[in-house]
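Thanks for coming, everyone. Please bring up the sequence and the structure, and keep both in view while I talk.

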Amino acid sequence: MTNLKMVSYNVHGLNHPTKRRKILSQLKNLGCGVALIQETHLVETEHKKLRREWVGEVFSASHGKRRGVAILFNRNVIFSEEKVLQDTLGRYVMVIGTIS
């Protein structure tokens, strides 16, 4: 079994493109397999902007531009999603699945 690096960040907002790019670049440089992001402050459509060169899948929940969480999976992590539970108030997203 190979190592899986997980990182959890409270980012206090990702609305500014420069901050978003810096955080995603730092996660890439860390070799992050799964990133758990809190306080994104992004609307649901904006969470799609987190999908970059190294990010294969994004699971998120938001409530306007308040709160917001996201789980990012590296493209190299083979993840089979079974069920996703999202809070309509943007406090949590739970993803049930298998990493192989």
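**A walk through the model**

Let's start on the surface. L4, M6, L36 and I99 form a nonpolar patch there, with about 340 Å² of accessible area together. Bear in mind that this is a predicted model.

I99 sits in strand β6, which covers residues 93–99. Its relative accessibility is 43%, so I99 counts as partly exposed. The cut-offs here are under 20% for buried and over 50% for exposed, with partly exposed in between.

Now the sheet. In what order do its four strands run? The order is β1-β2-β4-β3. The sheet is open, and its pairing is mixed. Which strands are at the edges? They are β1, residues 6–10, and β3, residues 55–63. Each of these pairs on one side only. From one strand to the next, the twist averages 10°.

Strands of a sheet pair through backbone hydrogen bonds, and the pairing is either parallel or antiparallel.

Let's go through two of the pairings. Strands β1 and β2 run parallel, joined by five bridges. Find Y9, and you will see I37 in β2 standing opposite. Next, β2 and β4. Strand β2 spans residues 34–38, and strand β4 spans residues 66–74. They pair in the antiparallel sense, over five bridges. Here A35 stands opposite L72 in β4.

Stay with β1 for a moment. Which residues are on its covered face, and which on its uncovered one? V7 and Y9 make up the covered face. M6, S8 and N10 are on the uncovered face. We have already met M6, in the nonpolar surface patch.

Now the helix. Helix α1, residues 17–29, lies across β1, β2, β3 and β4. It runs at about 160° to β1.

Pick out K22, in helix α1. Is K22 buried or exposed? K22 has a relative accessible area of 57%, so it is exposed. For a sense of distance, compare K22 with S80. They are 58 residues apart in sequence, and 28 Å apart in space, C-alpha to C-alpha.

On to charges. Side chains of opposite charge can pair when their charged atoms come close. How many salt bridges does the structure hold? Two.

K28 lies in helix α1, and E53 lies in the loop between β2 and β3, so the pair ties together parts that are 25 residues apart in sequence. How open are the two partners? K28 has 41% relative accessibility, so it counts as partly exposed. E53 has a relative accessible area of 54%, so it is exposed.

In the other salt bridge, the side chains of K49 and E46 meet at 3.3 Å, N to O. At 39%, K49 is partly exposed. At 22%, E46 also counts as partly exposed; the cut-off for buried is under 20%.

Let's look around K49. K49 is in the loop between β2 and β3. What does K49 touch, leaving out residues up to four places away in sequence? R20 and L24. Now take L27. K49 and L27 are 22 residues apart along the chain, and their C-alpha atoms are separated by 15 Å.

Last stop, the backbone. Most residues other than glycine have a negative phi.

E39 lies in the loop between β2 and β3. With 31% relative accessibility, E39 counts as partly exposed.

Then R67. It has a positive phi of about 60°, and it is not a glycine either. Where does R67 lie? In strand β4. R67 has a relative accessible area of 24%, so it is partly exposed.

To recap. We have an open four-stranded sheet with mixed pairing. Helix α1 lies across those strands. There are two salt bridges, and there is a nonpolar patch on the surface. Every one of these comes from a predicted model. Thank you.

Note on methods
Residues numbered from 1 in each chain as written. Predicted model: local features only at pLDDT ≥ 70, side-chain atom pairs only at ≥ 80, totals over all residues. Heavy atoms only, no water. Patch = residues over 30% accessible without salt bridge, like charges linked within 9 Å, V, L, I, M, F, W, Y side chains within 5 Å. Areas by Shrake-Rupley, 256 points an atom, 1.4 Å probe, with all protein chains shown as cover. Salt bridge = Lys/Arg side-chain N within 4 Å of Asp/Glu carboxyl O. Helix = DSSP H or I, 4+ residues; strand = E, 2+ residues; numbered from the N terminus. Buried < 20%, exposed > 50% of the residue type's maximum accessible area, 1.4 Å probe, protein only. Pairing = 2+ DSSP bridges. Axes fitted to C-alpha atoms, helices over the stretch in contact; angles between N-to-C directions. Contact = heavy atoms within 4.5 Å.
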